[in-house]
Amino acid sequence: MEGPVVQSVEYIVVGGGVVGTATAWNLASRGAEVTLLEASELASGASGGPGRRGVRAGGRDLRELPLARRALELWPELDTRLGAPTGYERNGRLSLYDVEIAGVSGWQSLPARVQAQRAAGVRCEIVDRARLDEMQPGIADAVRFALYLPDDGTADHPATTRAFAKAAVALGATVAEHAGVATLAPGPDDSVTVHLTSGEALRATRGVIVAANRSTPRILHDSFRLTLPLWEKATQVTFVTAPAGFALNHQLGHGRRSLSVKMTEEGWVMLSGGRPGGWDPVVGVGTTDSAVLRATLADLAATVPALAGVEVVAVDNSRADTSTIDLIPVIDRVPGLDSVLVGTGWSGHGFALAPAVAEALTSWALDGAQPDSLRPFGFARLGVTRQPALL
C-alpha cells in the first residue's frame, strides 16, 4: 500500500485495549518515543463493556502463573503510578469444590493446586467447610472445600485502559484514535512502516508492538502471510439483583461449573465464567443466548441458594475476545523480524495479566532479550510459521 510517511517515531503500538495502552505507558516510562494507534476508540473491544474483570491467579494454566504473580504485585500500586483510578479492589477469591471425581475438577486435586500455586509465588490455601461458612455464608451444603487466593481481586477494565492511556500521554506518548492499521512493511534497517487505512503511513524506527486482539490475525496475514489459528468468542455476562441483606465477601468460582460471581459498584451481582453467547465475526455483533442465561442462573442457584430466583437486570454479549486451542495467549516476535512483537489470543482472561505482559513486552522491545515469563507463549507451539513472500 502506497502512502506518504508523515511521521517517524521510535515505537508504534497497535491497539487501544488494556495491553496496548499499558505497553505504551511502559515504553514512555522508560523514555521511549511512542505512538499508539487505535482503529476505533480506546477500550472499544474486549477491554471495554460493563461490570468488572477478575484480577486473578486462581484457575490459571501453570504457564501463566509467573505473569500472574508479577501482575498481582503491580496492580495495587497502579492507581498511584498512573494518577487515575483503575477501580482495583483486592477481596480474594474462593473456588468451590463439591465432588470427589477423577481429573482436575474434584476436591482431591486441591493439594496439587496449592503446591503449584505456591511454587510460582502465589499465596493460596485450602479452606474446609467450617471456615468457608465464616468467610462466605450462604454457600450450598454440597460444597466441601474451597481454594482461597487472598491476593485475587477485581478492577474496572475500561477505567484501567483509559488510565494507562492518559498516563502514557502525560509522559509524552501520542494516542491516536480512529487510526486503523492496514499493513506493516519492514525496512532494511529494522524500521517498520505502518500503513493506515486512511492512506497515511508512519515509520517506527525501533519497533512495532501489535496488540490489536481481534484485528491482529488480519494485520499479520496481510502483512507477512502469517496465519494465526485464533477464533473469536464473546462471553455472555449477566447482572442480577442481590436480595436484601446478601453480602458477597469474596469473588466466587466453581471447580466444575462455568461460573464466576462478583459484585458491582451498583450493588448488582455479576455472573460470568466463560460461556459464549452468539457472535457474528463479520459484522462484529454479539447476540445474547437465552439457553446460556438459563444455564448460568441454574449454576448460580446450585452454588449460592440465596441467589435462586433473583431478578435479571441486564445481559451483555457485546465484547469479543480471541482464543487459542490451548487457551493461553500468543506473545512472540514475528518469525524473522526482530522489530515486530505480537500479543493476542487472550482467551478471555488476559486483563489481569496486562500490567505484567506490558512490562515484559517493553523489556523485550527495549533490551532485545525475550523475558523468561514470555517463553511459553510463542508461535511455534501452535504450528505457526511465516510463509515465503509472494513473487
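This is a predicted model: local features need pLDDT of at least 70, side-chain atom pairs count only at pLDDT 80 or more; totals for chains, interfaces and linings use all residues.

Colleague: What is the protein built from?

Modeller: Nine helices and 22 strands.

Colleague: Why is the protein called as compact as a globular protein of its length?

Modeller: Its radius of gyration is 21 Å. The globule rule, 2.2 Å times the number of residues to the power 0.38, gives 21 Å for 391 residues. The two values are close, so the protein is as compact as a globular protein of that length. Along its principal axes, the C-alpha trace spans about 65 × 40 × 40 Å.

Colleague: What share of the residues is buried?

Modeller: Buried residues are 52% of the 391. The cut-off is under 20% relative accessible area.

Colleague: And how many of the contacts join residues at least 24 apart?

Modeller: 72%, counted among contacts between residues at least 6 apart in sequence.

Colleague: Now the helix pair. Why are H1 and H6 called roughly parallel?

Modeller: H1 covers residues 18–29 and H6 covers residues 157–170. They pack at an angle of about 25°, with axes 8 Å apart. Angles under 35 degrees count as roughly parallel. H1 and H6 are therefore roughly parallel to each other. Their crossing is left-handed.

Colleague: Which residues meet there?

Modeller: From H1 come Val18, Thr21, Ala22, Ala24, Trp25 and Ala28. From H6 come Thr160, Thr161, Phe164, Ala165, Ala167 and Ala168. By class, this contact has nine nonpolar residues, three polar and no charged ones.

Colleague: Next, the loops. What is the phi of His178?

Modeller: About 55°, a positive value, although His178 is not a glycine. His178 sits in the loop between strand E8 (174–176) and strand E9 (181–186).

Colleague: What about the phi of Ser347?

Modeller: Ser347 has a positive phi of about 55°, and it is not a glycine. Its loop runs between strand E22 (340–344) and helix H9 (354–367).

Colleague: Is Ser347 buried or exposed, and how do you know?

Modeller: Buried means under 20% relative accessible area. At 7% relative accessibility, Ser347 therefore counts as buried.

How values were computed:
Residues are numbered from 1 along each chain as its sequence is written. Side-chain values use heavy atoms; hydrogens and water are left out. Axes are lines fitted to C-alpha atoms, for helices over the stretch in contact, and angles run from 0 to 180 degrees between N-to-C directions. Helices (H or I, at least four residues) and strands (E, at least two) are DSSP runs, numbered from the N terminus. Angles under 35 degrees count as roughly parallel, over 145 as roughly antiparallel, 65 to 115 as roughly perpendicular and the rest as oblique. A crossing is left-handed if the near helix is turned anticlockwise from the far one by less than a right angle, and right-handed if clockwise. Contact means heavy atoms within 4.5 Å. Ala, Val, Leu, Ile, Met, Phe, Trp, Tyr, Cys and Pro count as nonpolar, Asp, Glu, Lys and Arg as charged, and the others, Gly among them, as polar. Buried means under 20% relative accessible area, exposed over 50%, partly exposed in between (1.4 Å probe, protein chains only).
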